[in-house]
Amino acid sequence: MISLSLLGSWALQTMVAFFATVAFAIIFHTPRREYLWAGLTGGTGWLVFQVSAFLGCGVVSASFFATVALTWMARSLSFLRRTPVTVYLICGIFPLVPGAGIYYTGYYFFTANNTLGMLKGLETIKIAIVIALGIGIVLSLPPVLFLRKRAPKMPHTNLKQGDPHAAQEPGHP
Amino acid sequence: MGKNESSVHQLATEMGEVLLENGAEISRVQDTMERVARAYHAESFNAYVLTNGIFMSGRDTEGHSLTFIKQYGESSIHFGRICAVNQLSREIARGEHTVEEAFSILEDIRQLPYCPLLPATLSCALGSAAFSYLFGGCWLDALAAFLCGLALEPFLYLTKKHGLSNFLVNLSSSGFVAFLASLLFMVGLGNNLDKIIIGSIIRLVPGVALTTSIRDFFNRDYLSGTIRMIDAVLIGSCIAIGVGLVVRLMSPLTGGSLL
């Protein structure tokens, strides 16, 4: 069952993921006004990862759901705040990138645990593939499915991609 | 008029250049260049962009050919500049700037500073500590990872300043971090060496290359996607080798089995 202490630990972990993402936003010279939003994206991804793991998903499928959630969030934010989706996506993806997988793969290979090394290496590649799948799927979805700002003056807005760029330019296909 | 047209081509190309150098994905670079050219009615503008190069050709109103080809080394990430160019191109598309104004704004964007070393170091340390905790480390592990992160960012800064190749930077810095973590572990700081190292290498992990590569693939820029994907795999392998080697060498000192 979901107990209070479990919820507390989720909240704490989400907060840590938030700050970790903000740290990466600083390293990548993100404009200051986007720190909060990049952090929220990373926090969301990690929260979904944890909840999926709690519901019985393995690392790979939990990574997939988390990637879908955080990419959706990143794209919505990109529409709402008219900022390239890359900013939120790259900062937010870091908690999910298989750093642990890379470490264990190297470790097992160098301690001559070849079988375990292969297993971990394969898992790392699988995680990379589901992250790719998650990002790719969500970025190809039609814009209707995302939160976005209405552009009041232009009736013929065309919101292609995760890029709010097109929002203000009528007439471009 | 002919003069003006050729400077439009130059403006579009330079905006693409800034985007590419600061880590934008290919379709955004190409899209922005074409939008800018169209906004100033430069109809003959054609551009082809790769991860490591821009090819542009066009014609001014007097029929002279214009060509621009430039090859790029590696890009360093600067989201501030990407956002600024994005904003500029949106304003250009709304017709708010003359070509000269746009050039001077672009020059300002190029001058946007990098984050100074101190805040970068602190955020690298904070990020390392946070990730060490997220991956199951205890508070002591997080503290050790914090110290590793504190050393890692200056190390990266120095190696890049001395022009080490990307390959060597990743290999040496992951080895350096693993060495430092092992030392801290031997002194008694931290309970799980693996969690400390995982937290500390997260700064090096190829998250940017992986994400950009995926985006390029799904935008059907297969060649650029492949270049980035190879980059991601190489970086990942370098980290695994650097860390694995050092942990193996240190294992008699840190006490055999570490997991």
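User: How much of chain A counts as buried?
Analyst: Of its 173 residues, 53% count as buried. A residue is buried if 20 or more other C-beta atoms lie within 10 Å of its own, exposed if 12 or fewer, and partly exposed in between, with C-beta atoms placed from the backbone. This is a predicted model: local features need pLDDT of at least 70, side-chain atom pairs count only at pLDDT 80 or more, and totals for chains, interfaces and linings use all residues. Residues are numbered from 1 along each chain as its sequence is written, and chains are lettered from A and ligands numbered from 1 in the order in which they are written.

User: And what share of chain B is buried?
Analyst: For chain B, 52% of the 259 residues count as buried.

User: What secondary structure does chain A have?
Analyst: Chain A has 6 helices and 0 strands. Helices (H or I, at least four residues) and strands (E, at least two) are DSSP runs, numbered from the N terminus.

User: Chain B, how many helices and strands?
Analyst: Chain B has 10 helices and 3 strands. From the N terminus on, its elements run α-α-β-β-β-α-α-α-α-α-α-α-α.

User: What box do its C-alpha atoms fill?
Analyst: Along the principal axes, the C-alpha atoms of chain B fill a box of roughly 75 × 30 × 30 Å.

User: How are the strands of chain B arranged?
Analyst: The 3 strands form an open sheet in the order E1-E2-E3, with antiparallel pairing. Strands E1 (46-50) and E3 (65-71) of chain B are the edge strands, each pairing on one side only. Neighbouring strands of this sheet are turned by 5° against each other on average, direction ignored. Two strands pair if DSSP finds at least two bridges between them.

User: How many bridges between E1(B) and E2(B)?
Analyst: E1(B) and E2(B) pair over 5 bridges. In E2(B), B:Ile54 is the bridge partner of B:Val49. A hairpin joins E1(B) to E2(B) through 2 residues.

User: And E2(B) with E3(B), how many bridges there?
Analyst: Strand E2 (residues 53-59) of chain B pairs with E3(B) in the antiparallel sense over 7 bridges. B:Gly53 has B:Gln71 in E3(B) as its bridge partner.

User: Which residues of E1(B) are on the covered face, and which on the uncovered one?
Analyst: B:Ala47 and B:Val49 form the covered face of E1(B), while B:Asn46, B:Tyr48 and B:Leu50 form the uncovered one.

User: New topic. At what angle do H3(B) and H4(B) pack?
Analyst: Helix H3 (residues 79-93) and helix H4 (residues 99-110) of chain B pack at about 170°, with their axes 10 Å apart. Axes are lines fitted to C-alpha atoms, for helices over the stretch in contact, and angles run from 0 to 180 degrees between N-to-C directions. H3(B) and H4(B) are therefore roughly antiparallel to each other. Angles under 35 degrees count as roughly parallel, over 145 as roughly antiparallel, 65 to 115 as roughly perpendicular and the rest as oblique.

User: Which residues make that contact?
Analyst: H3(B) contributes B:Arg81, B:Ala84, B:Val85, B:Leu88 and B:Ile92, and H4(B) contributes B:Ala102, B:Ile105, B:Leu106 and B:Ile109. Two residues are in contact if their C-beta atoms, placed from the backbone, lie within 7 Å. The contact residues divide into 8 nonpolar, no polar and 1 charged. Ala, Val, Leu, Ile, Met, Phe, Trp, Tyr, Cys and Pro count as nonpolar, Asp, Glu, Lys and Arg as charged, and the others, Gly among them, as polar.

User: How many residues are in contact between chain A and chain B?
Analyst: 45 residues of chain A are in contact with 48 residues of chain B. On the chain A side, the elements giving two or more residues are helix H1 (4-27), helix H4 (85-93), H5 and helix H6 (114-140). The residues of that side divide into 30 nonpolar, 13 polar and 2 charged.

User: What about H4(A) and H9(B), at what angle do they pack?
Analyst: H4(A) and helix H9 (residues 207-218) of chain B pack at about 130°, with their axes 9 Å apart. The two helices are therefore oblique to each other.

User: Which residues meet there?
Analyst: A:Leu89, A:Ile90 and A:Ile93 in H4(A) meet B:Gly207, B:Val208 and B:Thr211 in H9(B). The residues of this contact divide into 4 nonpolar, 2 polar and no charged.

User: Last one: why is H8(B) largely enclosed?
Analyst: Helix H8 (residues 193-201) of chain B has 9 of its 9 residues buried, so it is largely enclosed by the rest of the structure. Those buried residues pack against helix H5 (99-110) of chain A together with helices H5 (117-134), H6 (139-161), H7 (166-187) and H10 (222-254) of chain B.
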